[in-house]
Amino acid sequence: MHKRHVVRKADSTAIKKEKFILEKALTNVADTVVEGLISFSKQYLGTPYRYSGSTSSGFDCSGFVGHLFKSKGLELPRSSSAMAKVGESVEKGSLKPGDLVFFKGRGRRSGVGHVGMVVQANDSSVLMVHSSTSRGVVVEDITKSAYFKKRFIKAKRVMPDPSTSKN
C-alpha cells in the first residue's frame, strides 16, 4: 500500500509568481505546439500531488506530463521510466522548451523516478514545470536546486521538430 502525500495548497502569491515565469517563458518560444503546452500547464499550478494521479484533482509527475502532452494529441507512456525510453536524447546544454528531463527517484538505487517538462532554457537557468510530491505542480529551476542537480539522469525530446515536418 502506498502512502498518500499530504500537500498544502500553494499560496496565491507563489502561483502568481510562477504564472508570470511561464508567461515570460512563452515570449521566447517559437514552436506553437510547445507554446500551447506551456500555456496549458499554467492552469494546473498549485494542483496537489496525488500518487498515481493523472487528473486535475491531483497529479503525480508522469501523470502531469502525460496530461500536458495528451492535450496536444501526443500519447506518452504512463510512467516516468517508460517516458525516458521514448524520443531523442538531448544534451543538458541543448535543452529547449518542451523537452523532458528525468531524475533519479527517492529510495531507488538507480533508474528514473521523476520527470518534468522544460519551459525555459538558457545559459544561466533551466526551468521545468512538474508535479512535486511536497508542493504539487510548480515551476522550478533545476540548475539552482541541489536536489535536482545531483539526481539528473537524462533529457529527451519527444516533440517532432516542426522544421523537419513534411507538408
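This report walks through the fold, strands, cores and aromatic contacts of one predicted protein model.

## Ground rules

Residues are numbered from 1 along each chain as its sequence is written, and side-chain values use heavy atoms, with hydrogens and water left out. Since the model is predicted, local features need pLDDT of at least 70 and side-chain atom pairs count only at pLDDT 80 or more, while totals for chains, interfaces and linings use all residues.

## The overall fold

Let's start with the whole chain. The protein chain has 5 helices and 8 strands; these are DSSP runs numbered from the N terminus, with helices being H or I of at least four residues and strands being E of at least two. From the N terminus on, the order of elements is α-α-β-β-α-α-β-β-β-β-β-α-β.

Of the 167 residues, 44% count as buried (under 20% relative accessible area, where exposed is over 50% and partly exposed lies in between, using a 1.4 Å probe and protein chains only). Among contacts (heavy atoms within 4.5 Å) between residues at least 6 apart in sequence, 53% join residues at least 24 apart. The chain exposes about 9500 Å², and carbon and sulfur atoms supply 50% of that area.

## Strand β4 and its partners

Strands count as paired if DSSP finds at least two bridges between them. β4 pairs with β5 (residues 112–121) in the antiparallel sense over 5 bridges, and Lys104 has Val112 of β5 as its bridge partner.

β4 also pairs with β8 (residues 152–157), again antiparallel, over 4 bridges. Here Phe103 has Phe152 of β8 as its bridge partner. Phe152 has a further contact to look at: the charged end of Lys92 sits over its ring, 4.5 Å from the centre (NZ of Lys or CZ of Arg within 6 Å of the ring centre and within 35 degrees of the ring normal).

## The nonpolar cores

A nonpolar core is a set of buried Ala, Val, Leu, Ile, Met, Phe, Trp, Tyr and Cys residues joined through side-chain atoms within 4.5 Å. The largest one has 28 residues, of which Phe69, Leu100, Met117, Val119 and Val129 touch the most other members. Elements that each supply at least two residues include α1 (12–26), β6 (126–132) and β7 (136–141). Helix α3 gives the most to this core, with 5 residues.

Leaving aside residues up to four places away in sequence, Val129 touches residues including Phe64, Leu68, Met117 and Val138. Another core, of 10 residues, lies apart from the largest one, and among its members are Val90, Val101, Met128 and Ala155.

## Aromatic rings

There are 7 aromatic pairs in the structure (rings of Phe, Tyr and Trp, the last by its six-membered ring, with centres within 6.5 Å; planes under 30 degrees apart are stacked, over 60 edge-to-face and the rest tilted). Tyr44 and Phe59 have ring centres 5.3 Å apart and planes at 90°, so they are edge-to-face. Tyr44 lies in the loop between α2 and β1 and Phe59 in strand β2, so the pair ties together parts that are 15 residues apart in sequence.

Both of these residues, Tyr44 and Phe59, are buried. Phe59 also pairs with Phe64, with centres 5.3 Å apart and planes at 70°, so this pair is edge-to-face. Ring pairs link Phe40, Tyr44, Phe59 and Phe64 into a cluster.

Methods. Accessible areas come from the Shrake-Rupley method with a 1.4 Å probe; for residues, only the protein chains shown count as cover.
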